[in-house]
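Have a look at the sequence and the fold before reading on.

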Amino acid sequence: MPDKIPGPRWKRPAAMRGAGNQLTLLQSMRRQYGDLVCLTEGSSLFREITACAGCIAAFGARHTAAILTRSDVFHTPPPLARQLGLPRSSQHLSSGLFSMNGAVHEQRRSWLTPLFSQKSIQGYQEDIAAGCADFLDTWVPETTIELLSEMRRLALLMLGRVLLGRASAHQDCIALLVEELLALRRAIGEDIRQSQRGRLTLRLSECGDQLENALRTRIRECRDGAAGVRCLLSRMCGAQWISDDEMIGHVTAILLAGSEPVAVCLTWTLLLLSQFQDCDAGVRLDWVIKESLRLFPPNAIMTRLTVRPCELDGYSLPANFQVILSPWISHHDEERFPRSEEFVPERWATARPTRFEYLPFGAGSKHCLGSQLGMAMATTSLQMMLARYRFLRLGDEPVDWKISVTLMPASDILVRLRPRRG
Ligand code: HEM
């Protein structure tokens with residue numbers, strides 16, 4: 001029974017207020033109760049899940065593997081649009097891979113996987129670099145930028161080029177709508193007053209409708225061959241058996257899931273490099289990115305929901321029970337990653353964690369579809385930005401962080417663009 005699992009078993013999530021932010025809270029729960037902790041009974045934690053029976057947190061590679069490899073039992077929770085009760089028209093905006101489970105997920109995944117494989121993504125290297133070059137042309141040396149906002153613009157530009165094509169008239173409009181949609185989703189997820197929530201949800205729905213219209217037009221162009229054959233969407237549209245409605249869901253999921261984690265990964269990496277100026281000269285960039293994703297995995301917390309009663313490590317869990325996993329906690333395990341709080345890119349010369357100990361891209365059947373694309377965007381853009389600029393952070397107060405869908409700085413970071421000589 002879950003009641004045998006040790007833990008505070010809060011009856012109302014409000015009871016955890018004042019216990020620190022989500023990651024500190026999980027960290028202290030693990031220290032106090034061990035690798036399986038029953039956090040709440042009768043409600044979900046961190047995000048609303050209707051009729052949720054309770055919530056446990058599972059830590060350690062063994063539990064992480066047991067949950068992520070049993071996709072028949074542990075599903076991803078329903079999408080935000082359904083939870084918020086948005087109109088049906090807005091719902092296929094969140095009907096991409098994320099919210100699919102079981103046989104449908106498996107089939108759609110095997111259709112999309114070759115399109116996002118390393119070999120396929122290599123063919124988009126030029127588009128990624130061209131998107132980044134256009135972006136860099138908008139920067140003026142010796143000016144101050146808001147780093148996270150700029151990295152969001154950059155990530156969307158690169159992703160838009162790959163997914164929607166170079167000359168797409170809709171690209172700018174789609175990028176702006178995605179930016180707004182992401183901002184609204186973050187705001188709704190944060191602890192806001194009910195009156196504000198209504199207004200934001202309405203705007204989310206309007207914004208979703210506009211994005212849907214723009215994507216529908218682009219999908220038509222791709223289906224009719226008017227968009228050429230190069231962009232990823234044209235190749236996706238080759239699957240005539242996927243309806244336009246469903247295609248909109250997949251493209252939206254890719255735009256949302258593909259831009260924000262890349263933007264926060266670039267922000268954390270540049271911030272780390274700005275603190276360790278001597279490091280950016282010599283250390284391998286792939287180690288720097290890996291280490292940045294270890295310290296600040298964008299998906300610091302992942303959730304699953306049991307779809308039927310099941311057993312976990314000898315305990316039985318009822319259906320509709322929330323399970324919380326945390327790559328951030330795995331990555332900060334001192335035994336696995338000595339000096340875990342420090343930025344040590346050189347550790348990757350020898351570190352060989354298993355895929356359930358180091359999992360910035362998740363693991364199991366729902367691991368990140370875009371890991372190759374995400375790494376290609378991060379590596380190429382960092383190379384290009386670092387070749388032109390040093391990033392000097394203004395001020396030296398400690399950077400605070402928050403989880404607002406992804407793990408990001410609590411407020412945007414001002415940096416000065418110092419051109420490199422020569
Ligand atoms: C640094 C960049 C990225 C990071 C750290 C990241 C991280 C993740 C993680 C942790 C998951 C698994 C979530 C879970 O199991 O609950 C995931 C899934 C996913 N990611 Fe990424 N991601 C990145 C970039 C991208 C890009 C560029 C795309 C664009 C294609 C993308 C598309 C997806 C999709 C569609 C899924 C859902 C897969 C499924 O349910 O089968 N991601 N990502």
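**The chain as a whole**

Please keep in mind that this is a predicted model. The chain has 422 residues, and 40% of them count as buried. Its secondary structure consists of 16 helices and twelve strands. How much of the contact within the chain joins residues 24 or more positions apart? Among contacts with a separation of 6 or more, such pairs make up 73%.

In general, nonpolar side chains in soluble globular proteins tend to be buried together. Here the largest nonpolar core has 101 residues, and the members that touch the most others are Ile56, Ala155, Val178 and Leu266. Which helix gives this core its largest share? That is helix 12, spanning residues 244-275, with 16 residues.

Leaving aside residues up to four places away in sequence, Ala155 touches Ser259, Val262, Ala263, Leu266 and Met377.

| Helix pair | Angle between axes | Distance between axes |
|---|---|---|
| Helix 9 and helix 12 | about 75 degrees | 10 Å |
| Helix 12 and helix 14 | roughly 110 degrees | within 9 Å |
| Helix 14 and helix 16 | about 120 degrees | 11 Å |

Let us begin with helix 9, residues 171-189, which packs against helix 12 at about 75 degrees. Because of this angle, helix 9 is roughly perpendicular to helix 12. Val178, Leu181 and Leu182 of helix 9 make the contact with Leu255, Leu256, Ser259 and Glu260 of helix 12. Sorted by class, that contact has five nonpolar residues, one polar and one charged.

On the side of helix 12, the residues involved are Cys265, Trp268, Thr269, Leu272 and Leu273, and they meet Val288, Ile289, Ser292 and Leu293 in helix 14. This contact has seven nonpolar and two polar residues, and no charged ones.

Helix 14 covers residues 285-295 and packs against helix 16, residues 371-388, at about 120 degrees. That angle makes helix 14 oblique to helix 16. The crossing of the two is right-handed. In it, Leu285, Asp286 and Ile289 in helix 14 meet Ala378, Thr379, Leu382 and Gln383 in helix 16. Those residues divide into four nonpolar, two polar and one charged.

Most residues other than glycine have a negative phi.

Arginine 339 has a phi near 55 degrees. Arg339 sits in the loop between helix 15 (327-331) and helix 16. Is Arg339 buried or exposed? It counts as exposed, because 9 C-beta neighbours lie inside 10 Å.

Valine 405 has a positive phi too, of about 70 degrees, although Val405 is not a glycine. Its place is the loop between strand 10 (401-404) and strand 11 (406-409). Val405 counts as buried, because it has 20 C-beta neighbours inside 10 Å.

**Residues apart in sequence**

Serine 43 belongs to the loop between strand 1 (36-41) and strand 2 (54-58). With 19 other C-beta atoms within 10 Å, Ser43 is partly exposed, since a residue needs 20 or more to be buried. Its C-alpha atom is 5.8 Å from that of alanine 53, ten residues away along the chain.

Glutamate 206 lies in helix 10, residues 194-224. Glu206 is partly exposed, with 13 other C-beta atoms within 10 Å. Leucine 181 is 25 residues from Glu206 along the chain, and their C-alpha atoms are separated by 9.7 Å.

Finally, arginine 421 is in the segment after strand 12 (414-419). Arg421 is exposed, with 5 other C-beta atoms within 10 Å. Between Arg421 and tyrosine 389 there are 8.9 Å from C-alpha to C-alpha, and the two are 32 residues apart in sequence.

Methods:
Residues numbered from 1 in each chain as written. Predicted model: local features only at pLDDT ≥ 70, side-chain atom pairs only at ≥ 80, totals over all residues. Core = buried A, V, L, I, M, F, W, Y, C linked by C-beta atoms within 7 Å. Buried ≥ 20, exposed ≤ 12 C-beta atoms within 10 Å, placed from the backbone. Helix = DSSP H or I, 4+ residues; strand = E, 2+ residues; numbered from the N terminus. Contact = placed C-beta atoms within 7 Å. Axes fitted to C-alpha atoms, helices over the stretch in contact; angles between N-to-C directions. Parallel < 35°, antiparallel > 145°, perpendicular 65-115°, else oblique. Left-handed = near helix turned anticlockwise from the far one by under 90°. Nonpolar A, V, L, I, M, F, W, Y, C, P; charged D, E, K, R; others polar.
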